[in-house]
Amino acid sequence: MALITMKDLDINYKLKSRTVRAVRGFTLSIDEGDIVGIIGESGSGKSTLAHGLMRILPENGYMEASEIVLNGRDISRISDAEFRELRWVEVSIVFQKAMSALSPVHKIFDQMYDTILSHKPATRKEDAEKLLTKLFSVVNLPAKALSMYPHELSGGMMQRIMISLGLVFNPKLVILDEVTTALDVITQGQLLDEIKRLVREFRLTAIMITHDIGTVNELCNKVAIMYAGELLEYGEVEDVIFNPFNPYTKALVKSHPDLNPHGMGLRGIPGTLPDLSNPPEACVFYERCPYRKDICAKEKPKLIDYAGRKVKCLRVGELS
Amino acid sequence: MSTEMLKVKNLVKYFPVRKIGKKQYVKAVDDLTFSIKTGEIFGVLGESGCGKTTLGRVINRLEMEQSGEIQFLGQSISGREYKEDKYFRRKMQMIFQNPYDSFDPRYMIYKSMDLPMKINMVGIDQKRRLEKILETMNHAKLTPAESLLTRYPHELSGGQLQRISILRSMLLNPRFVVADECVSMLDVSVRADVLNLLLQVHKELDSSMLFITHDISVATYICDTIMVLYAGKIMEIGSSNDILNSPLHPYSKALVSYSPTIRKGEKERFRITGEVVTPIDPPPGCRFASRCPVAKEKCTVEEPKLRTIDNNRQVACHFV
Amino acid sequence: MIIENNVSLARGDSRLLKSIRRYMSGTKGVIGLSLLLIFVVLALFAPLIAPFSPDEMTDDILKSPSAAHLFGTDHLGRDIFSRVVFGTRISLSVGFVAAGLSALIGIFVGSFSGYYGGFTDSIVSRIIDTFLMIPSFFLILIIVSIFGSNIIYIMLVIGLTTWPANARLMRAEALSLRERTFIMVARSTGESRLRILFGHVIPNGVYPVIANSALQMGGAILTEAALSFLGLGDPNLSSWGKLIYQARPYMTFAPWTIVIPGIFVVMAVLAFSFIGDGLQYTLNPKNVKGD
């Protein structure tokens with residue numbers, strides 16, 4: 001059953017002389033209980049997408065969609081005040097670089113209590129403390145961390161605190177924005193295990209935004225591939241990663257050292273990202289695609305259902 | 001011809017830590033002994049704080065060691081600063097982690113490439129140097145070369161800058177290259193190009209490489225031998241294949257099992273607890289003892305020596 | 001920069017051009033620069049612009065501004081307009097020389113100290129701190145009253161007592177630049193420390209000193225005016241400060257004698273202050289990236 005459905009989502013940034021079209025026509029449906037990875041390199045729009053959904057875009061950013069249905073309700077057109085009611089309660093986000101998300105001069109408990117109060121102003125201190133202690137034990141944090149300052153904690157612990165903050169109202173959907181990127185390898189791995197467990201125990205649906213295919217392979221059951229603001233492929237992880245259909249997905253996988261024999265076979269992708277203030281009319285990957293044909297420069301491919309997944313490529317039949 | 005290009009013996013590098021009262025030291029590199037053969041790509045694998053970056057800097061003489069011996073091409077280079085020894089400088093070069101900062105922002109790329117050549121008297125005059133630069137760039141497919149040379153660093157992408165960094169070093173015809181996390185800051189698909197260039201250059205120069213990284217996928221792809229560091233000490237040395245597929249040291253096992261990969265199937269986690277340890281006045285015994293699942297009493301008393309197990313395999317553990 | 005062998009000239013705008021454009025887009029900077037330009041013109045072409053010789057005494061004593069004497073006359077019948085125009089030469093010279101000297105010393109001391117570090121740096125830092133503790137004007141006052149008030153001395157003394165502020169700025173830049181990757185690259189490819197200092201550290205770190213120098217020029221002009229006002233200025237030269245000093249007995253009934261030179265001092269200091277702001281605006285690191 002679909003927990004969240006996005007249709008034709010666009011996000012633009014207005015700059016002095018031009019408008020950057022960071023996300024274009026994004027359409028995706030995420031089922032309950034899924035852990036969906038969104039993979040993209042810089043400029044793919046993956047973080048922008050997350051910020052847009054949470055309505056935390058900067059001043060010059062604005063989002064449009066034909067619909068965004070969360071839990072049966074279209075939230076694309078509700079007011080900011082209405083959205084504030086469900087932000088953190090039905091959907092929350094956890095950022096990377098936990099260090100910069102927390103104030104260095106306040107104790108952890110005070111900051112978290114603050115967040116709780118801003119959504120449920122009647123919460124008493126003792127109740128909040130009980131809730132947070134319980135939450136901390138779930139994410140393997142000692143209760144005494146509540147009375148510590150951010151600089152006294154390690155990167156892994158800080159990230160766990162951010163995750164527990166995201167879970168404090170037991171939302172249905174949690175967005176994890178590159179949460180393991182800045183951590184050490186072993187801490188990363190431990191955190192991924194934690195997240196898997198939390199998703200099970202809390203019956204969450206999670207969106208994991210990352211640039212690392214390995215992380216997606218270990219954590220997620222479904223994956224969406226984004227490039228220059230567009231969704232190019234979406235499906236089960238075993239399908240998309242081990243048998244990619246879209247040429248960009250193929251190239252991305254081919255550029256990962258794991259799937260190439262020692263010292264050979266690694267291929268980069270020639271060319272650069274298109275200018276997002278003037279994105280291509282037809283296929284966004286045309287300039288860099290090794291399989292391109294003339295038609296790819298003229299016709300805009302649509303996201304279609306193919307062999308159990310969604311793909312955007314005019315030549316998908318021949319290439320798969 | 002398999003002579004030893006670099007021989008390191010009992011290398012020690014401490015950093016003083018300012019604390020009120022007694023003086024403490026971070027034992028960043030604590031008694032390391034290893035050697036690198038001609039033509040070998042030698043990987044240094046570890047998490048943050050293990051000393052890998054410090055090791056690279058000491059070997060390249062950007063930092064002075066406290067004690068220990070370094071022999072390069074049969075000559076001792078330790079014990080004194082090689083500030084202006086031109087012969088040595090040409091022979092050993094370093095590629096740094098941040099390509100965006102590797103160039104003086106006020107110099108055109110041409111100047112940044114020409115200056116090291118001029119200083120080290122590579123090429124007879126400006127005309128010949130320019131020819132060599134153009135030839136090298138064209139050979140590495142960094143084209144159009146003339147256009148790139150007249151640009152400033154901020155106009156180029158990370159991938160281009162890093163490849164130009166590699167070429168800059170290569171123009172000096174080094175016998176030894178230290179690559180310090182040189183792809184960590186780059187997008188996944190861009191890394192492939194840089195790694196391929198590194199391999200290409202390595203073959204053409206008949207040189208050796210010290211490849212520093214925290215990413216096991218990259219390490220096993222590019223390196224012949226891998227040395228695993230933890231808290232300033234060597235845990236294990238072996239061929240990259242052995243380290244990946246049959247690690248012996250508990251820390252290596254943990255590192256391999258927690259690294260996100262895209263090999264098929266569920267990996268068995270070699271569970272360890274705790275966080276990465278910074279070696280400030282470490283307790284006696286094995287550095288890894290506090291987190292090791294198979295540690296016994298002996299481990300907290302006696303430090304394990306690096307023993308040779310098979311051909312080319314060395315482990316520092318009491319129970320292997 | 002020309003590259004031979006058929007390689008084309010630098011394409012696109014050079015950083016200098018971009019910086020100039022950026023500077024020109026800021027109001028304050030443009031106003032300051034325009035004012036300065038006016039002063040420079042006055043100084044350079046003083047004999048052509050001034051209708052009278054600045055020392056020519058006439059019988060028109062303490063006459064208020066009129067067609068014949070744009071800014072009126074002083075107690076000796078000298079044309080004030082001509083006197084302030086010629087005074088511009090002195091004030092600008094003091095400004096440029098004193099601030100220039102201060103910048104030069106500050107840049108060298110600060111960059112060496114910051115880059116080399118160690119013992120030298122500790123000594124130099126203490127010296128800088130000491131200087132910055134003492135109110136420089138009083139130091140200048142004492143030195144000038146002991147050694148004499150020749151204009152050259154005044155310029156030198158101002159320069160020699162104000163360099164610590166620049167040194168501190170330069171030192172801070174040197175300290176942070178030391179850790180930059182391209183400096184490590186320079187060391188790694190064999191550049192000598194001196195070459196790194198002059199080729200990389202100073203060119204990249206000098207910007208705050210430049211902006212501060214603009215302010216110091218205004219400050220030097222003000223200091224010279226103050227010294228003259230106290231009677232310690234060069235007795236042979238008629239700087240703006242001297243004019244103010246000489247006009248004291250007459251200021252209540254012939255205000256133009258003191259107000260006009262006063263306005264010139266204010267305008268000069270303002271001009272440099274605006275230029276300083278304009279430079280800060282231009283050299284803001286966010287825009288050196290070139291977008």
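In which sense, parallel or antiparallel, do strand 7 and strand 8 of chain B pair? In this predicted model, strand 7 (residues 176-180) and strand 8 (residues 208-213) of chain B run in the parallel sense, and five bridges link the two. Within this pairing, B:Val177 of chain B sits opposite B:Met209, a residue of strand 8.

In chain B, eight strands make up an open sheet with mixed pairing, and their order is 6-7-8-3-9-10-12-11. At the edges stand strand 6 (92-95) and strand 11 (307-308) of chain B; each has a single partner strand, so one side of each is left without a neighbour in the sheet.

Helices pack on this sheet too. Helix 1 (residues 52-59) of chain B touches strand 3 (41-45), strand 6, strand 7, strand 8 and strand 9 (225-230), and its direction makes about 150° with that of strand 8. Helix 10 (residues 250-258) of chain B also packs on the sheet, where strand 9 and strand 10 (233-239) are touched; the angle between the directions of helix 10 and strand 9 is about 105°.

Now for the meeting of the two chains. Chain A brings 36 residues to the contact and chain B brings 32 residues. On the side of chain A that touches chain B, at least two residues come from each of helix 7 (185-201), helix 8 (213-219), helix 9 (237-242) and helix 10 (247-254) of chain A. Helix 7 of chain A gives the most, with seven residues. Sorted by class, this side of chain A holds 18 polar, eleven nonpolar and seven charged residues.

Conventions:
Residues are numbered from 1 along each chain as its sequence is written. Chains are lettered from A and ligands numbered from 1 in the order in which they are written. This is a predicted model: local features need pLDDT of at least 70, side-chain atom pairs count only at pLDDT 80 or more; totals for chains, interfaces and linings use all residues. Two residues are in contact if their C-beta atoms, placed from the backbone, lie within 7 Å. Helices (H or I, at least four residues) and strands (E, at least two) are DSSP runs, numbered from the N terminus. Ala, Val, Leu, Ile, Met, Phe, Trp, Tyr, Cys and Pro count as nonpolar, Asp, Glu, Lys and Arg as charged, and the others, Gly among them, as polar. Two strands pair if DSSP finds at least two bridges between them. Axes are lines fitted to C-alpha atoms, for helices over the stretch in contact, and angles run from 0 to 180 degrees between N-to-C directions.
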